[in-house]
Amino acid sequence: MSHFKPCDRHQLYLLPPSIDEWLPENHLSRFIIEVIEQLDLTRLTSHYSGKGSEAYHPSMMLALLVYGYATGTFSSRKIERATHDSVAFRFLAANQHPDHDTIANFRKTFLLELQELFVQVLSIAQEMKLFKLGNISLDGTKIKANASKHKALSHGHIEKLEAQLREEVQFLLNKAEQTDEQESEHDFDLPAEIVRREQRLEALAAAKAKIAERVQARDNQAQKDYEEKIARREAQQKAGKKPRGREPKAPETGPCVQDQINLTDEQSRIMPSGDGFIQGYNSQAAVDIESMLIIATGLTTETNDKQRVEPMLEALNTLENQFGKADTLLADNGYFSQNNVKACAEHGITPLIALGRDTHHLPIAQRLQPDAPKPQTDDPLVMMMYQLKTQSGRELYGRRKCTVEPVFGIIKQVLGFRQFLMRGIQAVAGEWKLVAMAYNFKRMYAMATG
């Protein structure tokens with residue numbers, strides 16, 4: 001005869017009177033509260049005027065968001081539901097239940113303040129002996145925007161739609177004149193249909209104007225490059241040298257047929273990713289290779305990573321007074337350019353940026369051969385090429401792939417963050433900072449608890 005434990009769902013229980021007793025002592029939510037209690041939240045609390053009904057404390061709201069992002073609960077509605085269903089969320093909310101509108105408004109209001117809180121969390125990690133700024137690994141990942149790529153319109157397609165809508169409006173106007181003095185035989189309202197198409201034409205005209213405004217920066221850069229090439233050829237001619245190559249052509253300005261804009265999130269872009277093409281943003285992160293903590297973030301609408309080195313160097317420079325100067329910057333070939341190598345040297349950071357695809361599984365003789373003599377030069381590019389070929393340089397660069405890429409893997413696979421909830425580049429950049437901070441909380445918890 002089988003023996004089973006009783007399963008009586010109507011059994012009365014005497015639960016602990018304190019929510020504090022419902023959670024294990026070594027729980028992530030407790031760690032989050034301990035860290036947040038050490039943060040200076042003055043910039044958050046100062047936003048409240050003290051008038052009207054009592055507000056939920058910012059420390060509690062921040063704890064809910066951080067724990068939510070650290071455990072894969074991003075939606076404000078799901079967080080509200082979790083304050084009823086989850087013991088951990090009940091503990092964080094002190095048995096209160098802020099509604100989803102309150103949670104969403106808090107997140108939207110204080111995204112810009114997360115930069116200061118992000119640095120404070122790193123300071124606490126340093127005090128806990130979990131973090132020391134040293135060698136940095138830089139990489140980027142494409143994350144979907146809160147918009148569909150099917151809502152993107154190209155400049156050429158907009159012009160086709162405009163022509164089609166104008167023809168439809170003219171057809172409906174003619175039809176309205178024919179049926180003006182007699183009962184309409186159509187099932188739809190002609191004036192309403194005309195208004196709807198005219199409103200669509202206004203929206204398309206506004207989209208075209210935004211595309212033209214966006215490409216202005218590209219046209220300015222193209223004109224600048226063209227003028228530099230012309231000046232270089234003229235200088236060669238004055239020096240008695242024959243310019244090499246064809247004479248550069250003046251750039252074509254204005255929107256191209258392929259220039260696109262998304263009607264849902266106009267600042268997002270169609271970008272290549274591992275899944276094909278997505279409507280999203282290029283999210284950047286600089287990761288300390290020893291602690292695997294994210295120390296700086298960035299966000300761009302450009303698919304090319306070459307332009308992201310100098311902004312990240314500036315971000316690292318702001319951390320110098322608190323955490324010291326970074327030693328080495330590791331990055332793949334997507335970040336390589338002579339200007340980026342020079343910029344690293346000017347910031348006092350040793351660059352190790354791949355010049356191309358690395359050869360894997362070098363022959364044992366090549367791996368064990370002694371390093372070549374160090375070149376006597378001040379050229380940072382020559383020095384970087386030398387260091388990448390040394391045994392220590394290869395070993396250090398080999399750690400790039402096993403630090404920053406696992407961080408992105410954890411964010412996307414473990415935390416489950418694959419799409420932004422916010423729209424617009426400023427709001428999305430703030431949410432990316434929140435994701436990075438939630439990851440750092442979880443990483444610090446893992447290191448602190450062993």
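Is T141 buried or exposed? I looked up its accessible area first: T141 is buried, at a relative accessible area of 11%. Buried stands for under 20% relative accessible area, exposed for over 50%, and partly exposed for what lies in between (1.4 Å probe, protein chains only).

**Ground rules.** I am working on a predicted model, where local features need pLDDT of at least 70, side-chain atom pairs count only at pLDDT 80 or more, and totals for chains, interfaces and linings use all residues. Residues are numbered from 1 along each chain as its sequence is written, and side-chain values use heavy atoms, with hydrogens and water left out.

**T141.** I placed T141 in strand β1. Strands (E, at least two residues) and helices (H or I, at least four) are DSSP runs numbered from the N terminus. Then I listed contacts, meaning heavy atoms within 4.5 Å. Beyond its neighbours within four places in sequence, T141 touches Y281, N282, S283, F408 and K412. With K412 there is a polar contact, side chain to side chain, at 2.7 Å. A polar contact is a pair of N or O atoms within 3.5 Å; within protein, one must be able to donate a hydrogen and the other to accept it, and residues adjacent in sequence count only if both atoms are side-chain atoms.

**Strand β7.** I followed β1 (residues 135-144) to its partner β7 and found parallel pairing over three bridges. Two strands pair if DSSP finds at least two bridges between them. N135 has T328 as its bridge partner in β7.

Which way do the side chains of β7 (residues 328-331) point? T328 and L330 point one way, L329 and A331 the other way, and all are buried. In a regular strand the side chains alternate between the two faces of the sheet.

I also noted that β7, helix α12 (residues 338-346) and β8 form a right-handed β-α-β unit. Right-handed means that, with the strands pointing away from the viewer, the path from the first strand over the helix to the second runs clockwise.

On a 1 Å grid over the protein atoms alone, a cavity is a set of points where a 1.4 Å probe fits but cannot get out; a pocket is an open set with protein on both sides within 12 Å along at least five of seven lines; lining residues have an atom within 4 Å of a point. Grid points are joined across faces, edges and corners, and a volume is the space filled by probe spheres set on the points.

I counted two cavities of 30 Å³ or more. The largest cavity has a volume of about 60 Å³. Its lining includes L133, E320, H347 and I349. Helix α10 (residues 309-318) gives the largest share of that lining, three residues.

The second largest pocket holds about 470 Å³. It has 17 lining residues, and R214, R218, D259, R269 and T301 are the closest to its centre. The largest share of this lining, five residues, comes from α9.

**Two spot checks.** Q120 sits in helix α7 (residues 114-127) and counts as buried at 15% relative accessibility. Leaving aside neighbours within four places in sequence, Q120 is in contact with L39 and D40.

G416 lies in the loop between α16 (404-414) and α17 (425-449). G416 counts as partly exposed because its relative accessibility is 35%. G416 and G72 are 344 residues apart in sequence, yet 5.5 Å apart in space, C-alpha to C-alpha.
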